[in-house]
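Dear colleague,

Please find the structure below, with its sequence. My notes on what was found in it follow.

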Amino acid sequence: KKVASEQGVDLATLSGSGPGGRIRAADVFAGAPSVAAAVHGAAFTDIPLSSVRKVIAQRLTQSKQTIPHYYLTVEVEISKLQSLRQQLNQSASGDLKLSINDFIIKASALTMKHVPEVNSSWMESFIRRV
């Protein structure tokens, strides 16, 4: 159980190879997600969870599952961005074509560099910050 918790593996998803179908450490390691595939060589930091964070996570999960929720949308004025995009596409002489999505992805990447907490994942027993 300790190894499964450390590896972020749910024991209910494993079938045991030990006597009587017992789950062994090797089964847990085989079922653990590949860190190399998940972060592809990127450095990361594992942040231990405090009791308060665990409770907050449980309550947020419960509220998401049981309380009705709604999503908000916003309209954004991007005429200057569209002008910049058009200028850059014209100056590239057809070698490349930038989309609005390219600018959104770039802004997101810069935000994740500037605020690394945004690029974190919940791993059940810790938080992984890339």
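**Lys64 and His69**

The side chains of Lys64 and His69 make a polar contact at 3.3 Å; a polar contact is a pair of N or O atoms within 3.5 Å, where within protein one must be able to donate a hydrogen and the other to accept it, and where residues adjacent in sequence count only if both atoms are side-chain atoms. The model is a predicted one, in which local features need pLDDT of at least 70 and side-chain atom pairs count only at pLDDT 80 or more, while totals for chains, interfaces and linings use all residues. Residues are numbered from 1 along each chain as its sequence is written, and side-chain values use heavy atoms, with hydrogens and water left out.

Lys64 lies in helix α4; helices (H or I, at least four residues) and strands (E, at least two) are DSSP runs, numbered from the N terminus. Leaving aside residues up to four places away in sequence, Lys64 touches His69 and Tyr71, contact meaning heavy atoms within 4.5 Å. Lys64 counts as partly exposed because its relative accessible area is 44%; buried means under 20% relative accessible area, exposed over 50%, and partly exposed in between, with a 1.4 Å probe and protein chains only.

**Overall architecture**

The secondary structure of the protein comprises six helices and three strands. Read from the N terminus, the order of elements is α-α-α-β-α-α-α-β-β. The protein has 130 residues, of which 13% count as buried. Its accessible surface is about 10700 Å², with 57% belonging to carbon and sulfur atoms; accessible areas come from the Shrake-Rupley method with a 1.4 Å probe, and for residues only the protein chains shown count as cover. Of the contacts between residues at least 6 apart in sequence, 40% join residues at least 24 apart.

**The salt bridge**

How many salt bridges does a search of the whole structure find? The search finds one, a salt bridge being a side-chain nitrogen of Lys or Arg within 4 Å of a carboxyl oxygen of Asp or Glu. Arg128 forms a salt bridge with Asp46, and the closest N and O atoms are 2.8 Å apart. This pair links distant parts of the chain, 82 residues apart: Arg128 belongs to strand β3 (residues 126-129) and Asp46 to strand β1 (residues 45-48). Side chains of opposite charge can pair when their charged atoms come close. Are the two partners buried or exposed? Arg128 is buried, because its relative accessible area is 11%, whereas Asp46, at 36%, counts as partly exposed. The two side chains also make a polar contact, at 2.8 Å.

**Helix α5 and what follows**

Helix α5 covers residues 79-91 and contains Asn89. The 13 residues of α5 should span 18 Å at 1.5 Å a residue, and the end C-alpha atoms are 18 Å apart, so the two values agree; the expected span is 1.5 Å times one less than the number of residues.

Asn89 is buried, because its relative accessible area is 16%. A polar atom of the Asn89 side chain lies 2.6 Å from the backbone nitrogen of Leu98. Not counting residues up to four places away in sequence, Asn89 touches Gly94, Leu96, Lys97 and Leu98. After α5 comes Ser93, whose phi is positive, near 55°.

Glu124 is found in the loop between β2 (120-122) and β3. Although not a glycine, Glu124 has a positive phi of about 75°. Most residues other than glycine have a negative phi, and most peptide bonds are trans. Glu124 counts as exposed because its relative accessibility is 59%.

Val130 lies in the segment after β3 and is partly exposed, with a relative accessible area of 38%. Val130 and Ser120 are ten residues apart along the chain, and their C-alpha atoms are separated by 6.1 Å.

**A nonpolar surface patch**

Val52, Ile56 and Leu60 make a nonpolar surface patch of about 300 Å². Patches are made of residues with over 30% relative accessible area and no salt bridge; like charges are joined within 9 Å, and nonpolar side chains (Val, Leu, Ile, Met, Phe, Trp, Tyr) within 5 Å. Val52 is found in helix α4, which covers residues 51-66, and counts as exposed at 56% relative accessibility.

With kind regards
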